[in-house]
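This report walks through a multi-chain model, chain by chain and then contact by contact. Keep the sequence and the coordinates open alongside it.

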Amino acid sequence: MKDFWKRFRYNRGAVIGLFILAFVIATAILAPVLFPQSPWKMVQRPFLPPFTQDGLMLGTDALGRDVMAGLAHGAYVSLLVGLVSTIVALAIGVPVGALAGYFAGRTDDALMRFTEFFQTIPSFALAIVLLAIFQPSLTFVIIAISIVSWPPVARLVRGEVLSLRTREFVEAATLSGLGNTQIILRHILPNALPPIIVLASLMVAQAILLESSLSFLGLGDPNIMSWGYMIGAARTVIRTAWWLSFLPGMAILLTVLALNLIGEGLNDALNPRLTRKSE
Amino acid sequence: MIRFILGRLVKAVFILLAILVFNFLLIHAAPGDPAAVMAGEAGAADEKFLTDLRARFGLDQPLYVQLWIYIKGAVQLDLGYSFRQQMPVAELIGDRLPATLLLTGVAFVLSLVLGVIAGVAASARQGSWGDTIISTLALLFYATPLFWVALMATLVFSVWLGWLPGFGYSTIGAGYTGMAHVLDVAKHLVLPASTLGLFFMAIYMRMTRASMLEVSRLDFVKTARAKGLTRGVIQRRHILRNALLPVITLAGLQAGQIFGGAILTETVFAWPGIGRLMFEAINQRDYNVILGVFYISAAMVLLFNLITDVVYVIVDPRIRLTT
Amino acid sequence: MLKPINLAAALLALSLASPLAAQDGEPQSGGTLNVVIQPEPPSLMLGLVQNGPTQMVGGDIYESLLRYDFDLKPEGQLAESWEISEDGKTYTFKLRQGVTFHDGTPFTSADVEFSMDKFLRESHSRMRTYMEHVESIETPDEHTVVFNLKQPFGPFIGIFEPGTAPMIPKHIYEGTDFATNEANNTPIGTGPFKFDKWEKGSFIHLVKNEDYYMEGKPYVNEVYYHVIPDAASRAVAYETGKVDVLPGGSVENFDVSRIQAMENTCITDKGWEYFGPLSWMWVNMNNKPLDDVNVRRAIMHAVDRNFAKDALWNGLGKVATGPFTSSTRFWDGDTPDISYDPEKAKALLADSSYNGEKIRILGLPYGETWQRWAEAVKQNLSEIGMDTEIVPSDVAGWNQKISDRDFDLAFTYLYQYGDPALGVSRSYMGSNAAPGSPWNNVANYQNPETDKMFEEAALMANPDDRKAAYKTIQDQIVSDVPNIWLLELGFPTIYRCNIKNPVNTAFGVNDGFRDVWIDTK
Amino acid sequence: MTLLSIRDLDIALPVGADRLYAAKHINFDLAAGEILCIVGESGSGKSMSANAIMGLLPQGVKPVNGSITFDGKEILGLSEREMLPLRGGRISMIFQEPLSALNPLMRVGAQIAEVFEAHGALNGAERRERALKLLDEVGIPDPDAAIRAYPFQLSGGQRQRVMIAMALALEPDILIADEPTTALDVTTQAQILKLIEDLRKSRGMAVIFITHDFGVVADIADRVIVMQKGEIVESGSADDVLLKPQHPYTRALIDAIPRLTRGGDVEEVKHTPILTVEGLQKTFSTGSGTLFGKRRVVKAVQDVSFELYAGETIGIVGESGSGKSTVGRCIVRLLDPDGGRVLMDGADIAHMSGAELRDQRRKLQMIFQDPFSSLNPRARVSRILTEGLIAFGTPKADAQTKARELLELVGLDASAMMRFPHEFSGGQRQRIGIARALALDPSIIIADEAVSALDVSIQAQVLDLLAELKERLHLSMLFITHDLRVAARICDRIIVMQKGRIVEAGPVGKVLHDPDTDYTRSLLDAIPGQDYERALAEAE
């Protein structure tokens, strides 16, 4: 663990990313305290530019709502969407990949055909269709994002498991009389974890981007103030009030950037090949 | 090789069929139907109007009958009739496909070539200023929402600077022919293609860079150095070729998927392509069009997977193809 | 009494009624008109499809017997003159001589009979109901058509516009399956412009009809309708000079004021008088507590419609007074008070059976303005203490939910077609409330009294009688608040000022660019 | 004549490594035509010193002190560009793993021709001509075919020959060979060693030969340098160092070499078979239908039968691909045999499954080769040792007690329980692996190359431990190894395998000293350092 931090700290970008993310998380958690009023409340005249009025540092949107309150509450939603959809995607992808990789043969064939099947449909289009079916509430936005993002997880996990299952310590566990479930859960998956963690950090970023793209096309939950919603709502007024799409755009960019930087840092810190080499 | 390709094609047909059935059921699960949407657009309609429309579209039949009719047609490459556009889907897609292929093709090739070049340049001097700048840019492109870039690019290059047309496929009514037409289309292509390409370029750059660095640690690179080869030759001949293998895999996966990204780009830039067609068709529940586009794009994905595998075999002699 | 109308007089009246036309000089011929179209029409065959974009392009290709000025007074188009018998049951039209279809075939009374009796009765749902009032159609000669009605039907004179009664070439369609006729792809009418080319996803190209029967018209050589799917891109298209006319609704309202400020840019909200688009929220009276009139009144007073007009509609349009728009015949502005009054709303709510139930608002999926509007209403209602939730949906889902009555409040806007019997009564008749359609009495408003009056008023021959009847109807409906009336929508048409006469009838750009000319000076 | 001279060379490791210097105070000279062996265990700094000469140190590792003079010129600190003519031209290098040292995507011919190209020598056709000649010279059977082959299409020995051909292309003054035979089979090793020896003679080339194997050193070295933890502890002529070692470390290393010769052979064999293998078969097939429609089938084990008696150790020896490991894995059912029977207490393990197999298998445990990959890096030692017991129903507390006893048994402190594998050295890890195998009280242990990855000194300790445990716990053992010396040291009987079949089986003394088959004899002959061993024996 100490080594992990040492190696992680070595990557300056990752540390910056961590700071940004910590800030975003803090904002998300503190939003109800900092901005107790609903972000939907129309507080001033519409299209107030930033820094022109005390108490409304970032101005107001098309309905006169406080942009800063929107950003703060949006942080919560974007992170929630990113995190939950990633967890759901992992919950689908990890078992599928683990079973395919561990049992190989026909199980592998069947599961991988199933996975390929999902990869054959353009993921963004699939997400749109899913939202057309379910209609875009927050739950279904998350489900749609998860459904289109699990196949890479399954592939990654399968690859890892496939190589781990022939490792000697797994064979030793078999000889010790351990059952398949125990071997997968206690011996294989913990060792497949590092690349999964790295992938997961990038998936959170991708999910945030995907949510914003869907919102941009009007496929977000209209009851939830998310950054994607804010850009989607502001794009029609981009010419009169550029800051309305610029600010949430920057928020997304910074958060996604932070997650990517962290992902790289994690990769450096968790990738044993790099560390083994310096021996 | 021929046997391999044939085998894969047979397999692809089955996957396509499965996808058709899946998509068919998926799309029909969505609330509303094309008749209702069309009636809605007309602003008023009575029961007879809807019944007539549904009967005309065959939507009054049980679902499995509709599915059977569709599959029967699709097997004979008949993709059915677009309810809303009132023309055969195959014709509709045929009209739109060239625009999409042009856009995505240019974006893809450009992003791949530039991405690889940038990745090689960055990896050649790991940790230098050049590397930092390229890597940071790539990370930025990677983290920026595509549609946002599109909006900003239109704003800057089309509205403020007036250098490039902000949307459309060609200048309507200009009646250009020959070279003038090509140039005109090229001008219209710049913004959408670079917007679409930017994200992918970032991916390829990062991938190439990482892969180059990884390969440069391998033993045969040391052998090459021990031979007295110059840095440039080692980079080009030894590292790059090996480093490209994962990039090829990724590119193959994405070449098929690039339609997905084209939905946003085509919408913002009014590019008359297949991505937009699909998005509109989804909103209009124009079942046959959605299915047709999915069908074509799935076929594309499978085709590109096949191409990737073949390229892989050509590049990497160790790989043997298995169906 | 017969009322022949002189065409020249009508034209004179028009030029007086239209200040735009009056101040401009001699019309010039030539030039290209670039217009935005949104969304791309499914077909240009106006007899089969009547949605907005089809009407806009079809209005150049097809014509009807009449057209209507801003006050909905009829003028001749394909009909030279017309008369209505005193009992209001016989309509006689004299057709213009020397009119040909685009393929050169002469236009005759047989085409009128075919269009009205065969084609439109088959394919046009609105016409089908109108034609139920018609007993028979006679064509005594090539240029005379006589409609015999079963009983007087006041609105009948108002249906002869291209979107409702387009004249369709009999020689092409007779005996064929209308819906699948190949000719649908190359529409042929009598209008000032001929269909040339349609690049799906890009543009529709129309060219001047050189053989048009009106001397010197049309002035413009060709018309391009540009398909641009994104609202922001459409604004850019205007700004960069790619298009010159932005019909109502083609750019977001937020963009209007910015574009309006551009040089050489004119704007008008005229040209919607016939449609009279009125927006409201359906109140699903099948659901508790919305069956309580106090709850509905509370909602009515809680919604800040002036804010919506200013913030969302750029100040265009009017706050609605009730179920009629002010441009519809027999409108009466003196209805019970339904203005914004949150205090009153709170009081009403307190007296009502509302118990904190969550009210589902179904927004209209027609772009950002409507979404924002739903958000604003949601906020308005939460301020008087109602718990609300916006239900997301796309167009298809919206239709489905309205048809299934799966909502509490639902945004919509509908056309009035100039006459309450055509466009208003359908939304309030108790007999017209069956689920399954999104365009009938969706709110399930049941009031036998108003039902009876609606039925009688439609058949009255005397306009004064009708006016009195509709006044009572308006007062009654407004006090029952079956719907939350919002705004008479003002759809602005934006165009370069040197384009003359883009809007000069009650149909605006949908009535064809017959009189448009481009001032190059 | 001194060709190369290294003085006071210090090579620093990057900050954060486990020690400051990879090598320190390195001093040696190399004369033309001389073979200098640098010998030492892993981590001794022997490779780093050699790499420093070529200027090919890994990133972050750099020489900080001293000088390297080649042909009278200082070459330490030359720029990359100035080094180019030397590399491959005057000094060349070959590596341990020839597969990874060759570019997988380039044809062999192109990789050789590239050397000429890099130094601007010859034109295209001549380069090809020379490449063919070189391949012929290093003993590749069909140079015309080989020149068009990709590295993966050649055998390990052929690849190393290609590497040598490449190194020799420009007739360098010095060849640096970094463990060039470690990854090869013993017979191939002998051939490569002979090749290097011959080339040195025919070309008068100096060779720096890096190895951990004293047998190899004895066979080819003129002079020897012994390194330990980055420093030279002893150097001198081969005879001096090998036969009269001064430094205790050198002596310890030499003592640890397992001897082929064994006195007092052939004990009384106890005729109670505990394990009977009858007609074991295993076939691997790769791909279902390949590019050319071929299905590659490898008959890994063909009709293998033998009996293992209680308390006996059988060594299964053979070169890579002989099927020796497959036999072991089939017996414990990590692989499913295609045919034959494996009888233990009368029950046929080969056809068991489920709970029955699980119960029977606890009597059969395995010790693995790689001390790194055989222990789950994310599990504490306590878990590694108790897991099996708990799976078979032992209460956790009892299992813990037993685990502590086991650690003690294999010579580790009970405090090891709470630590992770990476906190241990290779030898310690292998002891943990042994403890794990013993946890379920097996009667048979199968050791698959159990000491191959260890340094000689550690190897000796682990072998002693195994021998001792076998006695104490009355174990029977199947000892699978490629190393005849190791087999000689621990086994009672030896089975020699080739291409999936048993070619010879018998008591150790018989097999080692009087083999029945040519194949066994060729294996024996190839073992390096036999003369030296006899000399040592005489000296004792």
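## Chain B: fold

From the N terminus on, chain B runs α-α-α-α-β-β-α-α-α-α-α-α-α-α. That gives twelve helices and two strands. Helices (H or I, at least four residues) and strands (E, at least two) are DSSP runs, numbered from the N terminus. The C-alpha trace of chain B spans about 85 × 55 × 40 Å along its principal axes.

Of the 323 residues of chain B, 54% count as buried. A residue is buried if 20 or more other C-beta atoms lie within 10 Å of its own, exposed if 12 or fewer, and partly exposed in between; the C-beta atoms are placed from the backbone. Two residues are in contact if their C-beta atoms, placed from the backbone, lie within 7 Å. Among contacts in chain B between residues at least 6 apart in sequence, 71% join residues at least 24 apart.

## Model and confidence

The model is predicted: local features need pLDDT of at least 70, side-chain atom pairs count only at pLDDT 80 or more, and totals for chains, interfaces and linings use all residues. Residues are numbered from 1 along each chain as its sequence is written, while chains are lettered from A and ligands numbered from 1 in the order in which they are written. The model scores ipTM 0.80 and pTM 0.82.

pLDDT is the predictor's confidence in each residue, from 0 to 100. Chain B has a mean pLDDT of 82, and 94% of its residues reach 70 or more. Within chain B, confidence is lowest in α2(B), at a mean of 73. It is highest in α5(B), at 89. Chain C averages a pLDDT of 87, with 95% of the residues scoring at least 70. Over residues 1-23 of chain C the pLDDT is below 50. Beyond near neighbours in sequence, this stretch still has 26 contacts in the model. Where pLDDT is low, the predicted coordinates should not be read in detail.

## Chain C: fold

Chain C has 16 helices and 21 strands. Its radius of gyration is 23 Å, close to the 24 Å that the globule rule gives for 521 residues, so chain C is as compact as a globular protein of that length. The radius is taken over C-alpha atoms, and the rule is 2.2 Å times the number of residues to the power 0.38.

The C-alpha atoms of chain C fill a box of roughly 70 × 55 × 45 Å, taken along the principal axes. Of its 521 residues, 55% count as buried. Of the contacts in chain C with a separation of 6 or more, 71% come from residues 24 or more positions apart.

## Contacts between chains

Which chains share the most contacts? Of the five pairs of chains in contact, it is chains B and C. This contact takes 42 residues from chain B and 38 residues from chain C. On the side of chain B that touches chain C, at least two residues each come from α2 (34-42), α3 (47-57), α5 (89-124), α7 (146-160), α10 (231-268) and α11 (274-284). The largest share, six residues, comes from α2(B). By class, this side divides into 19 nonpolar, 13 polar and ten charged residues. Ala, Val, Leu, Ile, Met, Phe, Trp, Tyr, Cys and Pro count as nonpolar, Asp, Glu, Lys and Arg as charged, and the others, Gly among them, as polar.

The contact between chains C and A takes 22 residues from chain C and 20 residues from chain A. On chain C, the elements giving two or more residues are α7 (231-239), α8 (253-260), α12 (368-383) and β16 (387-391). The largest share, seven residues, comes from α12(C). This side of chain C has nine nonpolar, five polar and eight charged residues. Chain C and chain D do not touch; their nearest C-alpha atoms are 44 Å apart.

## Local features

α11(B) is mostly covered: eleven of its eleven residues are buried. Among them are the charged residues R276(B) and E280(B). Just after this helix, R285(B) takes a positive phi of about 55°.

In chain A, helix α6 (residues 138-164) has 27 residues. It reaches 37 Å from its first C-alpha to its last, close to the 39 Å expected at 1.5 Å a residue. That expected span is 1.5 Å times one less than the number of residues. α6(A) bends by about 35° at S149(A), and a proline, P151(A), follows within four residues. The bend is the angle between axes fitted to the seven residues ending there and the seven starting there.

In chain D, R358(D) lies in helix α13 (residues 354-361). It counts as partly exposed, with 19 C-beta neighbours inside 10 Å. The C-alpha atoms of R358(D) and F392(D), 34 residues apart along the chain, are separated by 9.3 Å.
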